[in-house]
Amino acid sequence: MSSKSVLEHFTVPDDFQNGNTFKGKCMHCGTLISGSYKVTSNFVTHMKRKHRDLYILHSENKEIQPTLTQCIKKSVKYSPSDPKQLEMTNALIMFIAGDLLPLSIVESEEFKNLMEKADTKYQVPSRKHLSSKLLHEKSVEIKNNLVNTLKRAESVCLTIDLWSYNCIDMSKDPLLYWHSNCQRLPRLAKLAVQYLAIPATSAPVERLFSTAGKTFRPERCRLADGTFEKLMMVKCNGKMLK
């Protein structure tokens, strides 16, 4: 029970001067107790001895005032440029894009509570900031890294989907066909010799379309085209930054 709250159980005279001693009348038993606003120990002692049940009940119902250390600890957050804030935000973006989660997860109270338990100093970005700035920056970073990697590459293995030509007997070697028709179709024959050696498979392409379908599902009809493109960039190429 605080010094001010204990006076709620006493009738205080109206004509006393602040800081001076006065006699307060107990509302429960009528006893006069001497004290002041600054020194209320007599009032507290009277409540403890004569009205212990009321004193305990009042103390249990009173909200516990946080300490200065608790207030400071609760209010201090990482700055936007803090390495720990940047590290956790980067992990959050990769988590959302990698597991095909909606951006609105950052607005979930359960998710905010989880992040509060994980690190009380971390500031969860808003959905708007995540989609308009953070996701865009991560997509550009991955794209630039991909472009630079391809520039340094000496060779690249491509996967393609081929269109089959019915005039060619499937039991015969297609390279022999183009060799015999190189005079009639010189440009196509040259391309055929160059690219027919690549084993054709549509599996990676089908996986990409499958991922796109899971990302842009009916429940996410509000997903903008630009945001969808950035999510796919992070999802499919994010591992290049690791």
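Which residues of the largest nonpolar core touch the most other members? That was my starting point, bearing in mind that this is a predicted model.

**Main core.** I found 20 residues in the largest nonpolar core, and I96, V106 and L130 are the ones that touch the most other members. Next I looked up where the core residues come from. Helices α4 (83–98), α5 (109–118), α6 (127–152) and α10 (225–237) each put in at least two, and α4 gives the most, with five residues.

**V106.** I listed its contacts, skipping neighbours within four places in sequence. V106 is in contact with L92 and I96, then F111 and K112, then the run V124, P125, S126 and R127, and finally L130.

**Rings.** I went through the aromatics and got four aromatic pairs. One of them is Y177 with W178, edge-to-face, at 5.3 Å centre to centre and 85 degrees between the planes.

**K84.** Last stop: K84, which sits in helix α4. K84 is partly exposed, since its relative accessible area is 36%. Leaving out residues up to four places away in sequence, K84 touches Y78 and D119. I also looked at K121: its C-alpha lies 9.4 Å from that of K84, with the two 37 residues apart along the chain.

Note on methods: Residues numbered from 1 in each chain as written. Predicted model: local features only at pLDDT ≥ 70, side-chain atom pairs only at ≥ 80, totals over all residues. Heavy atoms only, no water. Phe/Tyr/Trp six-rings, centres within 6.5 Å; stacked < 30°, edge-to-face > 60°. Core = buried A, V, L, I, M, F, W, Y, C linked by side-chain atoms within 4.5 Å. Buried < 20%, exposed > 50% of the residue type's maximum accessible area, 1.4 Å probe, protein only. Helix = DSSP H or I, 4+ residues; strand = E, 2+ residues; numbered from the N terminus. Contact = heavy atoms within 4.5 Å.
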